[in-house]
Amino acid sequence: MSRKLWLPYAQMATAPALLSVANAQGVYLELADGRRLIDSISSWWSVIHGYAHPVINQAAKEQIDQFAHVMMCGLGNDPAEALAEALVRITPDPLQHVFFSDSGSTGVEVAMKMAVQYWFNQDQPKTRFMAFRGAYHGDTTACMSVGDPDEGMHSRFRGLAPQQIFAPMPPECGDCDLNCGHLAEVEALLAQHAHELAAVIIEPLVQCAGGFKMHSPAFLQRLRELTERYQTLLIFDEVATGFGRTGTMFALDQAGVCPDLLVLGKGLTCGYSAHAATLASRTVYAGFEGTDGGRAFMHGPTFMGNALACRIALAGLSLFADEGRLTEVGRIENQLTRSLSDFQVEGVVGTRVKGAIGVIEVDDPARLQGAQAYAMERGVWLRPFDRVLYTMPPYIITPPQMERVVHTMRGWCETEQFKRAVGAGAAVT
């Protein structure tokens, strides 16, 4: 049967019918058939305050009664101005300028274009990027080029996307000094390619869609030192890690490091609307100033600074203080750590926890086939990825709800189906 709606990451010839959501409240998805599921992955990690939050709903209604959108070329709006000011207040001081776009991928593209044009404006044609093995930064063309070229989902587009430089991501560790082997390789690549590198890009602390691999704040500190030494810009992609997900408002806070460019998305608009922000340092911004119009940044998404999205984002930011969101993330982290740190069964490679991220990694993707159906029978929405069974819940999830999620994850790994499923299993996405 021909299907009109083309789904993401799906073979349409075999994809099952979508589960129709009739309503969503708090952490629950209510399906049209009457089932009620705890959304343990926050609709791809974006619904950080839960569904239909009354404060955000009210802000959205008030804004839409005024107007939803005006173009940002010649026209402006108060919510966009206010959101830019709010983001500058809660990020490190050098980040003083905000460029809005319409998705996390676009926000990364904006950062990459800013880096290239910054060097062009300095009469230094540097157009390549260094990224890290296992990385994922989005699905648009420039973003694909800084995703893992071999293991990532975009290897089939090799030849379309530019060829970039990839360094090894260090294993999770507490200390990283400039004498460690991984950093030595990073420095060697920087020394070799500094003349052509516009920037280094990394997801700080956690490579989320790259397999939830984690690294230490110390590594970010050393990386900042190296990018300054070899005079290349540093981009932090916090589309997934920003707005409390790793335990602090931004992952960079745990390292005490400020990048030249910071990309935000997902939790920015709380799952209500597509929007993203790319923050630039004073130095980067100054590289575009002058009387020559050709130095101006050449990018302009139609929906940048969308008034409705910005009003929603402002309401979401207010909840961090008003409802103690980071305290809730700390509670979630403690609960996940207690529940997963000692979990050992055959087939489980290991577990990882960071902020409101809990991960069970297995030795074969085949072991996770059937996990989603198992979870749904127990009232939980999970979506395994390759060899990873994970949760990234809304921060408002209660301890009993979180316990149900973790109990379901652990329970699947103790089933006979999990134990028997070893072999050439296809990736589960």
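By class, 18 nonpolar, 7 polar and 2 charged residues make up the lining of the second largest pocket. Keep in mind as you look around that this is a predicted model.

That pocket has a volume of about 650 Å³. The elements that give two or more residues to its lining are helix H3 (78–90), strand E4 (95–101) and helix H9 (282–286). E4 gives the most, with 5 residues. The lining holds 27 residues in total, and those nearest the pocket centre are Val98, Phe99, Phe100, Tyr285 and Met304.

Now for the annotations. An unreviewed UniProt entry lists Gly104, Ser105, Asp237, Pro301 and Thr302 under "binding site". From this set, Pro301 and Thr302 belong to the lining of the second largest pocket. Pro301 sits in the loop between H9 and helix H10 (307–322), and Thr302 is likewise placed in the loop between H9 and H10. Which residues does Pro301 touch, once its neighbours within four places in sequence are left aside? The contacts are Phe99, Phe100, Ser101 and Asp102. Pro301 has a relative accessible area of 12%, so it counts as buried, the cut-off being under 20%. Thr302, in contrast, is exposed, with a relative accessible area of 56%.

The unreviewed UniProt entry also gives the annotation "binding site" to Trp44, Tyr136, Lys266, Gly300 and Arg383. These residues are spread over 340 residues of sequence and are spread in space too, up to 34.3 Å between C-alpha atoms. One of them, Lys266, is included in the lining of the largest cavity. Trp44 is found in helix H1 (residues 42–45). Apart from its neighbours within four places in sequence, Trp44 is in contact with Pro8, Tyr9 and Lys266. Gly300 lies in the loop between H9 and H10.

Here is how accessible some of the residues in this report are:

| Residue | Relative accessible area | Class |
|---|---|---|
| Pro301 | 12% | buried |
| Thr302 | 56% | exposed |
| Trp44 | 41% | partly exposed |
| Gly300 | 57% | exposed |
| Arg367 | 4% | buried |

Next comes the cavity. A search of the whole structure finds 1 cavity of 30 Å³ or more. The largest cavity holds about 40 Å³ of space. Its lining is formed by Trp45, Ile48, Val239, Ala240, Gly242, Arg245, Lys266, Gly267 and Tyr395. Sorted by class, these are 5 nonpolar, 2 polar and 2 charged residues.

The domains themselves deserve a look. The protein chain is divided into domain 1 (21–52 + 324–420) and domain 2 (56–322). Their C-alpha centres lie 27 Å apart. Across the boundary, 25 residues of domain 1 are in contact with 31 residues of domain 2.

One last stop is Arg367, in the loop between strand E14 (357–362) and helix H12 (371–377). Is Arg367 buried or exposed? At 4% relative accessibility, Arg367 counts as buried. Leaving aside neighbours within four places in sequence, Arg367 has contacts with Glu346, Gly347, Val362, Trp412, Phe418, Lys419, Ala421 and Val422.

Key:
Residues numbered from 1 in each chain as written. Predicted model: local features only at pLDDT ≥ 70, side-chain atom pairs only at ≥ 80, totals over all residues. Heavy atoms only, no water. 1 Å grid on protein atoms, 1.4 Å probe; cavity = no way out; pocket = protein on both sides within 12 Å on 5 of 7 lines; lining within 4 Å. Points joined across faces, edges and corners; volume = space filled by probe spheres on them. Helix = DSSP H or I, 4+ residues; strand = E, 2+ residues; numbered from the N terminus. Nonpolar A, V, L, I, M, F, W, Y, C, P; charged D, E, K, R; others polar. UniProt positions renumbered as here; feature names shortened; annotations may be inferred. Buried < 20%, exposed > 50% of the residue type's maximum accessible area, 1.4 Å probe, protein only. Contact = heavy atoms within 4.5 Å. Domains from an automatic or database assignment.
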